[in-house]
Amino acid sequence: MINRRITILGPEGTNLYILVQFFLLNFISWFTLFTSSENIEFKTSDVLSRQIIFSIIGLAVFFITTYLSIETIYKFINPLLVVSLLLLVGLRFTTPILGVRRWFDLSNFGIPFFFQPSEFIKIAIVLFLAKSISEKQSILISLTVSLTVLSFIFIQPDLGTAILIGSTIFLMFFVSRINIRSASLILILLIIIFFIFLEIGLLGQYQINRITDFFSGQDFSQQQSRLSIASGGIFGNYFSQNFNYDVFVPVQTTDFIFSLFAKNFGFAGSMILLFLWFLFFLRVSLIIKSSDLEFEKYILSGFIILLSIQIIINLLTVLGLIPLTGMAFPLLSLGGSSILSTSIIFGLINRVFIENNVVL
Amino acid sequence: MFSFNRLVLVLLGVFCVLIFIFYEIFSLQTTEISELTETLEEQNLEIFYIPAPRGEIYDNTNNVIASTNLESYLFINNKKISNENINTYKQLVTYNFPQLTEEEVQKIFNQKELMSKVISLENVNFEIRKNLLSYEAFEVIDLPVRNYPYESLTAHIVGYIGKPTNEEINLNEKVRGNNLIGKTGLEKSYENELSGTPGQLIFDNNEIVKYIPPQKGIDIYTSIDIQLQEVVKESLVQGIELANKNFISPNPVERGASIVLNIETGQINAMVSLPDFNPNLFVSGISEFDYKVLNRKQAFNNFAIQGLYPPGSVFKVVAYWLASSESIYPEDMTNRSDHINCEGNLSFGFDDGSKQIYNDWKLVGHGKVNLTSAITQSCNVYFWDIALTIWRNFGNEEGESILQEYARELGFGKKTNIDLPFESTGIVPDRNLFEYWRINQPERVRPEGWLGGDLMNLIIGQGAITTTPIQVANAYRTLLTGENLAPHLNKNTKLEINNVVNVSDEFVLTLLKDLNTVTSSGGTAFKAFSILGKTADDTGGKTGTAQNPGDRNNTSWFVGIDSISNPKYIIVTVIDEGGSGSAIAAPVTRRIIQSLRGLELTSVEFGEVTE
């Protein structure tokens, strides 16, 4: 194992590219929220202050994760999975918030924050699969664990995250040179399970509504969000102010934040944001190519698959091309759990870069 | 085996979807502005707000002291009511809800809001609900209803809620949407936390296009102990009855307050103010008559933090602290054990020519008195002597307000910053204040201004000084801990330190020992505490009987400490016009201490009449 000297920026050789990328994306989020705030007060109820606090905690989490060697992480995969799963099970005993059991309300402990365990099971399942696939463990066991996790997310209910994790699981198997027949079998299995859930009513009224609403035309939020994106034009309203109407999008700072971003920074801004992410995926793929360890390859590909699908689902929702899902845009949407989990992912990726001696 | 080629395949797929998304965004953002403007101009968005459930308030063992229940209400969507169908709907309402008068039905249909509330559906069976909902203008919405299960017991702690005033309604969208705001108590001080985010029904051109559910507010966990609160209230009620029975007074005794303050944490474990009210009356709107009756009784005042009383002898600890730390004793004395001979009065001449005789409450005198026994027997003459020393040493110079400075260090004359609204400030008088009054409020002072007699009044807690019960409790806590903290009820707030005072461990031990003599044999509160037997040797306190102007009877004060060996709580009891501290407030406090120490409760019995 490589022993690293500890410097201010983490263990010697912290990857500058990832650090800058992390800062840049956080800053974009602050700036976007800033454009929607009328008067800024430093309180935990103010959206911008909240996001800045979460970003700072996220940065700390990023560095702490970076300090953990891949060997240490490897040892903690199973406990991590068990704890995340227990938290998911624990959600069943909470009182529903907004009709779903998706959050732990930590305000009872004096912290004004809703904790969302499904943000962390994403990481646990990617690590678990990276380990089990790279060690060629039985597919049956991996599938059983994956399906257990999926079912607990289904019954929250949280269709968006279930689809996200389901497709990540499938694609992680897919990149493992598994034969196409088995891959198709897994895919078909996942789809069948989805319809079984739909059939026996485990999806709950809330999701059925969302699905049926969609078929009967777009949701109001999605219509408004399209109008909001359209009003951005090429260069956005924030700099050019060519459009004087304010488009009302309900609860715009969380899942629908991209519509706010696109309104303020236009097509040019959207290009830059998505280009940043694409560059990031490309950069990580290069390390995947050069790394010698199967385990690291699976971790990295698992995370870029996860993040890219999350971004795609969010954008398709905001554009009204798929039903409402309730999926955050990583590092852009307001929300502590999402920032923290993305920070962990960035920290883990950073660690793999370090162990492969990639400095810049 | 990892296949990089397959990963490339996946990324290519991602890339294709992103290109598609780019195209979609691009085509949206290059739409003609005129077309977009047209779409937006056709929109006619209106929002109906649905109040959010308020966060709940708990005591320290998780009993709910303010809860929120959801009740289903029938609403009429006024956008769906037209001249053609209005009569049908009126008939439906009158037929299904005969309890509504014609006038009320008229009122429902005359509202200009988007939706009008008809009636609670709590006791309406499912079939009728289903039938009603088959008409398109009817909607069922769950509305939160506040409930205070302990009713008047926690009235002054939780406070009450009401419709926002015109000023309050402009504060923010939350207030407008909830249309309810905390008016007093914790409901007011934690309004931001307790109030949730209102839900929205969004109308576009008369159609409901979106429902955003309301979000509940944050729960508050308090340090109140509801069982203790009950004991405190009972004891105070008994004390008030006792005062009415034993003293002949032009006014009936009705008002009082009692506080249990945790010494270690600065948290309030019980706080009672009488008379009280049932805060549930405000939930559905209090009647004008009820409001006026309660208001005349001053039931809405939380006397524990708002009542202003001269503190009388409970204020003597300030001079006690000053004497110990500055070594200022009656003239010709150099330490705390030197005696004066108290003959029941003090006669002296001032430099300014005035000469006066001051009579102690005990006309025969207390005999030989030192600092300890001056506290034990509450001897005024001893403290007047200290005032004379201050007056003669400092004269009309800088430093003459040394007593007032010590008082302010302990928090007198300032708000304690407790987390409840409308706290009173109180007054610590000095030369500057008298000068200010002489010019601005000449009726309050003599034309001569600040005199030696005013200082002598002040040192025994009489004259122009006023304090609140919470100030007194917090001052004793400050003396015992060296830290003036803002007392609080919310267990999860950060501790706010007002200031730090310099008290040595030795001083604290001596003070506790001297406070113990008050409840022991020979002390002013001995009679009230004697029922505790041996336990009384481990309790402490200070009595206070403050004179009031006019024909108002004396204010009865007692500050108690539950244990001398292991002090945990300070208990302050005040009964307005209660006559005597040692006779009424002391036995009330004794009963509270019985509860705090887990002893059998005995009823409040008349103590000894002293000051």
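**Entry 1: contacts along the chain**

Among contacts in chain B between residues at least 6 apart in sequence, what percentage join residues at least 24 apart? I find that 70% of them do. A reminder to myself before going on: this is a predicted model.

**Entry 2: overall build of chain B**

I looked up the secondary structure next, and chain B has 23 helices and 21 strands. Its radius of gyration is 32 Å, whereas the globule rule gives 25 Å for 611 residues, so chain B is more spread out than a compact globule. For the extents, I note that the C-alpha trace of chain B spans about 95 × 75 × 55 Å along its principal axes. I also checked burial: 44% of the 611 residues of chain B count as buried.

**Entry 3: where chain B touches chain A**

How many residues does each chain bring to the contact? I have 35 residues from chain B and 47 residues from chain A. On the chain B side, four elements each supply at least two residues: α1 (4–29), α2 (33–42), β8 (199–204) and β9 (207–212). I then asked myself which of them gives the largest share. That is α1(B), with 14 residues. Sorting the chain B side by class, I get 22 nonpolar, nine polar and four charged residues.

**Entry 4: the strands around β3(B)**

I moved on to strand β3 of chain B, residues 64–77, and went through its pairings.

- With β2(B), residues 57–58, β3(B) runs antiparallel, and two bridges join them. I57(B) of this pair stands opposite A66(B) in β3(B).
- The hairpin of β2(B) and β3(B) has five residues between the strands, and I noted that N62(B) there takes a positive phi near 60°.
- With β5(B), residues 138–147, β3(B) pairs over 10 bridges, in the antiparallel sense. Here I picked out S72(B), which stands opposite D142(B) in β5(B).
- The bridge partner of F75(B) is K117(B) in β4(B).

**Entry 5: a last look back**

Which way does β3(B) run relative to β5(B), parallel or antiparallel? I went back to check, and the answer is antiparallel.

Methods. Residues numbered from 1 in each chain as written. Chains lettered and ligands numbered in written order. Predicted model: local features only at pLDDT ≥ 70, side-chain atom pairs only at ≥ 80, totals over all residues. Rg over C-alpha atoms; globule rule 2.2 N^0.38 Å. Buried ≥ 20, exposed ≤ 12 C-beta atoms within 10 Å, placed from the backbone. Contact = placed C-beta atoms within 7 Å. Nonpolar A, V, L, I, M, F, W, Y, C, P; charged D, E, K, R; others polar. Pairing = 2+ DSSP bridges.
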